[in-house]
Amino acid sequence: MFFFVSFRMKRTTFLLVFAAALSCCWAQETGNEEVVEEEEHVELFTTPTTKMAAATSDFGYNLFRTLSSREAAANIFLSPISVSAALTQLSMGGSQRAQSQLYRALRYHTLQDPQLLNTLKDLLAAVKTSGKGLSTAARLYVARRLRLKQDFFKLVEQQYNVRPKALMGGAKDLKEINDWVSQQTGRKVQQFLSKPLPRTAGVNAVSASYFKGKWVTRFSQSGGLENFQVDGGAPVQIPMMQQDNYPVKMGVDSDLRCTIAQIQMQNDISMFVFLPEEVTTNTSLLEESLTAEFVQDLSMALQPAQVSLTLPVLRLSYSTDLLPLLGDLGLSEWLENPELEKVSNQPAKLTSVNHKVVMETAPEGNQYPSSPSTPSHLTYRVDRPFVYLIRDEPSGALLFIGKVVNPKDLTI
Ligand SMILES: *[C@@H]1O[C@H](CO)[C@@H](O)[C@H](O)[C@H]1NC(C)=O
């Protein structure tokens, strides 16, 4: 531990306290900062697109917190921006009242953006730019029995280039949905549904993402089995990637009791790793502080360092139905009476919000770490439960968030 970042009540103020006694080469590299440095605050969320990015991220953090509190000791992964996309399509089918309830949960009520449907479209296009490694898909599937309004189908198609689909009911639906998701994600998200949709005639919101993390700096060693500590159990052996003198941005948050590293990926993507000091699956304190603003402030406060970096080789697949979580996001009243009057004249309910993500990281990168004159003695070893997120840097959009408690359970 070489310095501390502590976050005060107001998230925009940082105190960087350098533990002079502990720092060695690191302090020399970065000049002679004294004990306290007021962090320069860089406004990111000022344009319609970045404000939209902040809204989708804050929705994502809320979703993540809710899921994590229900599955406290489990691995969980989400790609919230694709869930935002699916629920936004759904909002287009609602009454004025339904729309404002959904907008509140999606954090759009803060935007004051009359063009927000277009802004979301632009943001999605920006984060799906090839090279960033993300593919996402979002679509509504609606029971044909509801006597559907064709205008709604047209409206969504014109806005998002994806036409909601009427379901016949039965086994064919499953194949139809799974084939579409697979095709939209370059065959990376397979078997989206493992069992048929509920028989209730309603609306199903489908969202899926595939992310292939591509580092800027490559890892020379990969695949070696190493111990990963597990809360309340014996360590498990998992493949890890390792590299000395790896350039990261880093800081210690003494309030949250974790060390944070930001690792650069290609095309302006970065991964933030939050590594608790102790072996614990209880990361609720950290989860509570996650907001778009907090992560942006963090990226400004973290300091460049070269470390001996050890990371699990992540290859994971995760799926869940998010419908039970929506009540905790302020939508319980809406779920009772969703007023999807533009979808159908009959009362239509939301019957599922299935979400599936697949993510991989490979050791390759497009450059080698430079060899410093004095080798770094700092290590950052991700060998116990941690939280991470993948962020698009220019927009600040959260693309992926996960909590790894036992990587042995992760499979593709
Ligand atoms: C998790 O930690 C928080 C504080 O860090 C504590 O308030 C809470 O009770 C803990 N939860 C469990 C299930 O231990």
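This is a predicted model: local features need pLDDT of at least 70, side-chain atom pairs count only at pLDDT 80 or more; totals for chains, interfaces and linings use all residues.
The secondary structure behind them comes to 11 helices and 16 strands. Of the 412 residues in the protein, 43% are buried.

Start inside. The largest nonpolar core has 107 residues. Those with the most contacts within this core are Leu-63, Ala-86, Val-142, Ile-260, Val-273, Phe-274 and Leu-399. Helix H2, residues 48–70, supplies the largest share of the core, with nine residues.

Ile-260 is then in contact with Met-250, Gly-251, Asp-253, Phe-272, Val-273, Phe-274, Leu-298 and Leu-302. Two of these partners, Val-273 and Phe-274, are also listed among the core residues with the most contacts.

Now turn to helix H4, residues 96–105. Its buried residues are Gln-101, Leu-102 and Ala-105. They line one face of the helix, because they fall within an arc of 95 degrees when seen down the axis of H4. Arg-107 follows H4, and its phi is positive, near 70 degrees.

Two other arginines also deserve a look at the backbone. Arg-187 is not a glycine, yet its phi is positive, about 65 degrees. Arg-187 sits in the loop between helix H7 (171–184) and strand E6 (202–217). It counts as exposed because 10 other C-beta atoms lie within 10 Å, and the cut-off for exposed is 12 or fewer.

Arg-257 has a positive phi too, near 55 degrees. Its loop runs between strand E8 (233–253) and strand E9 (258–265). Here the count is 14 other C-beta atoms within 10 Å, so Arg-257 is partly exposed.

Glu-288 lies in helix H8, residues 284–289. Glu-288 has 11 C-beta neighbours inside 10 Å, and therefore counts as exposed. Along the chain, 223 residues set Glu-288 apart from Arg-65.

Methods. Residues are numbered from 1 along each chain as its sequence is written. A nonpolar core is a set of buried Ala, Val, Leu, Ile, Met, Phe, Trp, Tyr and Cys residues joined through C-beta atoms within 7 Å. A residue is buried if 20 or more other C-beta atoms lie within 10 Å of its own, exposed if 12 or fewer, and partly exposed in between; C-beta atoms are placed from the backbone. Helices (H or I, at least four residues) and strands (E, at least two) are DSSP runs, numbered from the N terminus. Two residues are in contact if their C-beta atoms, placed from the backbone, lie within 7 Å. The arc is that of the directions from the helix axis to the C-beta atoms. Lists of a residue's contacts leave out its neighbours within four places in sequence.
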